[in-house]
Amino acid sequence: RSERLVVADVSERCIEACQKRFAGDPNISYLVTDGYTLPTIETGSVDFAFSFDSLVHCEDDVITSYLRELKRVLQPGGAGFIHHSNIGAYTGAYRLISSLPKSRANSVILSLNRSPT
């Protein structure tokens, strides 16, 4: 339902799955990122950015870098929806999910209780 959709991910496997699922849709382009930047997306060319529950797997430096990049690529008046789960706030949940392979990033757990910089 958009004129143009850019699907970006650090995982080539995830991008390939999206390409297969949405094959034939001419409005979608795909970008395998370096994990920090969105190099082929032009400054001020995006009117809406969306991320749901993927950044929980990234450390602070990656999140900071992506937020800088989103600021760069969003056009004036553009908007972003960045979801970051707080499941770690629930008793025992962080211990459970942190024991799973490829779970939450260590630098973004609730118990660090840092203020934003």
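Phe 48, Phe 50, Phe 52 and Phe 81 together form a nonpolar patch on the surface, with about 460 Å² of accessible area, as computed by the Shrake-Rupley method with a 1.4 Å probe, where for residues only the protein chains shown count as cover. Patches of this kind are made of residues with over 30% relative accessible area and no salt bridge, nonpolar side chains (Val, Leu, Ile, Met, Phe, Trp, Tyr) being joined within 5 Å and like charges within 9 Å. The model is predicted, so that local features need pLDDT of at least 70 and side-chain atom pairs count only at pLDDT 80 or more, while totals for chains, interfaces and linings use all residues. Residues are numbered from 1 along each chain as its sequence is written, and side-chain values use heavy atoms, with hydrogens and water left out.

**Surface patch**

- Strand S3, which spans residues 46-52, gives the most to the nonpolar patch, with three residues.
- Phe 50 is found in strand S3 and is exposed, with a relative accessible area of 55%; here buried means under 20% relative accessible area, exposed over 50%, and partly exposed in between (1.4 Å probe, protein chains only).

**Overall fold**

- The protein chain has three helices and four strands, taken as DSSP runs numbered from the N terminus (helices H or I, at least four residues; strands E, at least two).
- Read along the sequence, these elements follow the pattern β-α-β-β-α-β-α, and 26% of the 117 residues of the protein chain count as buried.

**The β-α-β unit**

- Strand S1 (residues 5-9) pairs with strand S2 (residues 28-32) in the parallel sense over five bridges, two strands being paired if DSSP finds at least two bridges between them.
- Within this pairing, Leu 5 stands opposite Ile 28 in S2, and Val 6 stands opposite Ser 29 in S2.
- S1, helix H1 (residues 12-21) and S2 make a right-handed β-α-β unit, a crossover being right-handed if, with the strands pointing away from the viewer, the path from the first strand over the helix to the second runs clockwise.
- Cys 14 has its place in helix H1, and the C-alpha atoms of Cys 14 and Val 32, which are 18 residues apart along the chain, are separated by 9.0 Å.

**Cysteines**

- The structure holds zero disulfides, a disulfide being a pair of cysteine sulfur atoms within 2.5 Å.
- Cys 14 is in no disulfide, and the nearest cysteine sulfur, which belongs to Cys 18, is 7.0 Å away; Cys 18 is likewise in no disulfide, with the sulfur of Cys 14 as its nearest cysteine sulfur.
- Cys 14 is partly exposed, with a relative accessible area of 38%, and Cys 18 also counts as partly exposed, at 23% relative accessibility.

**Salt bridge**

- The structure holds one salt bridge, defined as a side-chain nitrogen of Lys or Arg within 4 Å of a carboxyl oxygen of Asp or Glu.
- This salt bridge joins the side chains of Glu 69 and Arg 72 (3.0 Å, N to O).
- Glu 69 and Arg 72 both lie in helix H2 (residues 60-73), three residues apart, about one turn of the helix.
- Glu 69 counts as buried at 12% relative accessibility, whereas Arg 72 is partly exposed, with a relative accessible area of 24%.
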